[in-house]
Amino acid sequence: MPHDPADRRVTVTGPPRRALRSHRASGYYRPRTEIDEQTTLGHTYVRSLMRSQLRAALTVFAVLVLLVGPLPLLFAALPGARRLEWAVLGFALYAPLVLLARWYVRRAERNERDFVRLVEDR
Amino acid sequence: MNSSFAVPAVALVVVATVLVGAFGLRVSRTTSDFYVASRTVGPRLNAAAISGEYLSAASFLGIAGLVLVQGPDMLWYPVGYTAGYLLLLLFVAAPLRRSGAYTLPDFAEARLASQAVRRLAGAFVVGVGWLYLLPQLQGAGLTLTVLTGAPDWLGGVIVALVVTATVAAGGMRSITFVQAFQYWLKLTALLVPALFLILAWQADGAPARAFEEPAAFREHRTVRVQDALALKLERPLTVTVHGTVDGRPHHGTRLLLPAGTHRIDAGTRLSFAPGTPVPAAAGPGADDALSPSRAESRTERPLYATYGLILATFLGTMGLPHVVVRFYTSPHGVAARRTTVAVLGLIGAFYLLPPVYGALGRLYAPELTLTGDADAAVLLLPDRMIGGLGGDLLGALVAGGAFAAFLSTASGLTMAVAGVLTQDVLPARGVRHFRLGTLLAMAVPLAASVLVGGLPVADAVGLAFAVSASSFCPLLVLGIWWRRLTPPGAAAGMLVGGGSALLAVTATMAGFPGGGGAPHALLAWPALWSVPLGFLTMVLVSLATPGRVPPGTAAVLARFHLPEDLRTEATV
């Protein structure tokens, strides 16, 4: 640590949480659009974005459940298929996980782009 | 095992960690630097840092150990550790970053405007963090013991000292560099020896018996039982005994043990003939009450436990304090998402390796099942399979990687726990108090690891996941997607879900109820009922207190979900 007084570290404090919050609540959003003014119409827009994002998330989640959910049952039903269990759990499952993630990110980013376009065209 | 290379390797990792941390120290100037690296960490560096932080002792040593003892069912652990990031991406990543809070308690307060919920979330962060730090320190102790014969506690103390020093000195920015460096170190440390081990396995004629049940001894092998254990036999077993079995002393007697449970005293040597199936150490031995999963032999392991494990790991990741804090270092929500995808790829690649060690361990070191040191399989295999100078060098590489694993996860956890302690427990804030918080964050689990000991690494981590999945997962998911969440609902859900999971886990660790069967499985794998319980309580109590929905909810949710380009336009 430097000991030169000019170079010395100053004492800084943690982020003032209260101030941060009230700042956010009062003036963080300049009233420019319905969303920022928090009108009913603005809320409807935000809701529609949330719904499309949640739909994308739930779609991927459903695929994941269908993919992974039956596996323990399958392995229990086929006690002779140890090699299959090794191959699936040790190797084959990872690529689908990454692919699902990439698909979701593309979809979520597209939802956001569409939303921005919708809001700005207005 | 020859320690003349391993000790320098471990020392090198420790020194490199301190040096990389010091490099970060020079650029760490403000509180914002200190906690979240001023939010300027790009997706690639951040993804490597998240992965480096996440791949703990449980991943590096524990998975191979569990697979060795219990077979491929245990591969659900790495699958769950990875899939947890997919769920985090789906439901949490971008909104969490956009929430603009620093820690989980900050998130709770920003969403619900309640100091009480904030403090409760803080308590759970500290609890989960300590529960997760414990196995890291124990793993370090085990590694050092296997390498040098040093006493159990020494490795834990070394890790604790290094981590406290780096975290207290540099904070998150230095940690970001340290973690990213350690991901690549860990990957190399498992990958290079794995390649050589696979070559050795092929040179050995590529025996594939590892995949069959049960594992069997390939050659004549003598095992020294370190701690007294109960041996559960499903079939009669022929074995040569030096020592005490079932209370009767033997000196080189060839015994035919009938099916059933046999008690082997500490210090007994058992010699197995080639082809003998490896018996499972099971049942109430010396400290087996501590290990829910080791206590269930394969046949007893109910389907229910597998699903409990899946649920806990899939949903628990998003609530781990050291994982969540990393997302605040992304510059914006889109980067947070892309970072998560990169993380999935990085840890997925890493998790291809532990199963290799587990499978080879079943072939070449099956007796570790009996000695209770299964977690050491990864460390012992290079010496066992390759031997000589090459084996020593590879063993040293693995040991260095293992220490990187302890150091990185422990520093991330310490960072998160210390952050909460500084902000919510200690009286004033600031860098000096953060240092005090760091000390406190590490002191408690260190004391616990010296006092308790004996919990298998991956099991302890599984418990932390169960608690996190039943408390933070409902808070995050409902907080981000559900408008009608109220502070009483969130508090009740966290207390009922997380609290019951914690109680169940404590009861299991204390050996209650013994024996096994349905009640035991229910308590040892609480996630399957405690997660729905947490969600249900949170929803019902919130619905019952509709008047307590925080007034700013709509604005807060808009901030969580609106893309940044809309928001920057609004603020300019």
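Which residues in H7(B) are buried? The legends below take up that question and several others.

These views show a predicted model, in which local features need pLDDT of at least 70, side-chain atom pairs count only at pLDDT 80 or more, and totals for chains, interfaces and linings use all residues. Residues are numbered from 1 along each chain as its sequence is written, while chains are lettered from A and ligands numbered from 1 in the order in which they are written.

**View 1. Helix H7 of chain B and the residue that follows.** Helix H7 spans residues 104-112 of chain B and is mostly covered, with nine of its nine residues buried. Here, a buried residue has 20 or more other C-beta atoms within 10 Å of its own, an exposed one has 12 or fewer, and a partly exposed one falls in between, with C-beta atoms placed from the backbone. To answer the opening question, the buried residues of H7(B) are B:Leu104, B:Pro105, B:Asp106, B:Phe107, B:Ala108, B:Glu109, B:Ala110, B:Arg111 and B:Leu112. Helices (H or I, at least four residues) and strands (E, at least two) are DSSP runs, numbered from the N terminus. After H7(B) comes B:Ala113, which sits in the loop between H7 and H8 of chain B. Most residues other than glycine have a negative phi. B:Ala113 counts as partly exposed because it has 17 C-beta neighbours inside 10 Å.

**View 2. Helices H3 and H12 of chain B, where they cross.** Two packed helices are described by the angle between their axes and the distance between the axes. For H3 (residues 43-54) and H12 (residues 333-350) of chain B, the axes come within 8 Å and cross at roughly 50°. Axes are lines fitted to C-alpha atoms, for helices over the stretch in contact, and angles run from 0 to 180 degrees between N-to-C directions. H3(B) and H12(B) are therefore oblique to each other; angles under 35 degrees count as roughly parallel, over 145 as roughly antiparallel, 65 to 115 as roughly perpendicular and the rest as oblique. H3(B) contributes residues to the contact that include B:Pro43, B:Arg44 and B:Tyr54, and those from H12(B) include B:Ala335, B:Arg338 and B:Ile347. Residues are in contact if their C-beta atoms, placed from the backbone, lie within 7 Å. Sorted by class, the contact of H3(B) with H12(B) holds ten nonpolar, three polar and two charged residues. Ala, Val, Leu, Ile, Met, Phe, Trp, Tyr, Cys and Pro count as nonpolar, Asp, Glu, Lys and Arg as charged, and the others, Gly among them, as polar. The crossing of these two helices, H3(B) and H12(B), is right-handed. A crossing is left-handed if the near helix is turned anticlockwise from the far one by less than a right angle, and right-handed if clockwise.

**View 3. Helices H8 and H16 of chain B, packed together.** Helix H8 (residues 115-148) and helix H16 (residues 388-425) of chain B have axes 9 Å apart and pack at an angle of about 155°. That angle is why H8(B) is roughly antiparallel to H16(B). The crossing of H8(B) past H16(B) is left-handed. Their contact comprises 17 nonpolar, six polar and two charged residues.

View 4. B:Trp153 belongs to helix H9 (residues 152-203) and is buried, with 20 other C-beta atoms within 10 Å. Leaving aside residues up to four places away in sequence, B:Trp153 touches B:Gly141 and B:Val450. Its C-alpha atom is 8.5 Å from that of B:Ala140, 13 residues apart along the chain. B:Val178 also lies in H9 of chain B and counts as buried, with 30 C-beta neighbours inside 10 Å.

**View 5. The annotated spans of chain A.** Chain A has six helices and zero strands, and 22% of its 122 residues count as buried. The unreviewed UniProt entry annotates residues 56-78 and 84-105 of chain A as "transmembrane region"; such annotations may be inferred rather than shown by experiment. Residues 56-78 are 91% helix and 0% strand, with end C-alpha atoms 34 Å apart. Residues 84-105 are 95% helix and 0% strand, and their end C-alpha atoms lie 31 Å apart.

Definitions and conventions: Two residues are in contact if their C-beta atoms, placed from the backbone, lie within 7 Å.
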